[in-house]
Amino acid sequence: MNPAVMNPAVTHPAVTEPEMSVVVPTYRRSHLLPRLVAALERQTVPFGFEVVIVDNDSGDETAEVLQRLVATASRELRTDTAYRRGPAAARNLGWLSARAALVAFLDDDCVPQPGWLAALHDGLQRDDIAVGR
């Protein structure tokens, strides 16, 4: 299989047209993913968004954890598998599968505050790039 091609693993029912996509690369950090997804579900935004988590072929229980998260997620959550090429390649594959024109990148060990995505969205209404913490 071509390592540059993403293979959709699981998909939560789609938001009609997400205004933003959040792309998260992950590698062998399945224990952090429930905390991350919970934080993304708490985002306070007046628009639809999707989450795309790209597993760098972790080879551990990451795929199973992601399947469980997709099954219980209250937001649109899609997962894909990339072959070990590092987080930059996973981010690139993630944004290529993103359905929204606005893309936010987040690492798997982050816990964004509830207003994080809204603040990025507001910043992108004024500028071409926005950075949050």
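Asp107 is partly exposed, at 32% relative accessibility; that label covers the range between buried, under 20% relative accessible area, and exposed, over 50%, with a 1.4 Å probe and protein chains only. Asp107 meets Arg91 in a salt bridge, 2.6 Å from N to O; the term requires a side-chain nitrogen of Lys or Arg within 4 Å of a carboxyl oxygen of Asp or Glu. Because Asp107 sits in the loop between β5 and α4 and Arg91 in helix α3, the pair ties together parts 16 residues apart in sequence. Arg91 is also partly exposed, at 24%.

Before going on, the basis. This is a predicted model, in which local features need pLDDT of at least 70, side-chain atom pairs count only at pLDDT 80 or more, and totals for chains, interfaces and linings use all residues. Residues are numbered from 1 along each chain as its sequence is written, and side-chain values use heavy atoms, with hydrogens and water left out. Helices (H or I, at least four residues) and strands (E, at least two) are DSSP runs, numbered from the N terminus.

On confidence: pLDDT is the predictor's confidence in each residue, from 0 to 100. The protein chain averages 87, and 86% of the residues score at least 70.

The structure holds seven salt bridges. Glu50, Glu76, Arg78 and Arg99 are linked in a network of them. Within it, Arg78 pairs with Glu50, with the closest N and O atoms 3.1 Å apart. Arg78 is in strand β4 (residues 76-81) and Glu50 in strand β3, so this bridge connects parts 28 residues apart in sequence. Are these two buried or exposed? Arg78 counts as buried at 12%, and Glu50 is buried at 0%. Glu76 and Arg99 form a salt bridge too, at 3.0 Å, N to O. Glu76 is buried at 2%, while Arg99 is partly exposed at 33%.

Now the cores. A nonpolar core is a set of buried Ala, Val, Leu, Ile, Met, Phe, Trp, Tyr and Cys residues joined through side-chain atoms within 4.5 Å. The largest has 25 residues, and Val22, Phe49, Leu77, Trp116 and Leu117 have the most contacts inside it. Helix α4 gives the largest share of this core, five residues. Apart from it lies another core of six residues, including Val52 and Leu93.

Finally, helix α3 (residues 87-97): its buried residues are Ala89, Ala90, Leu93 and Gly94.
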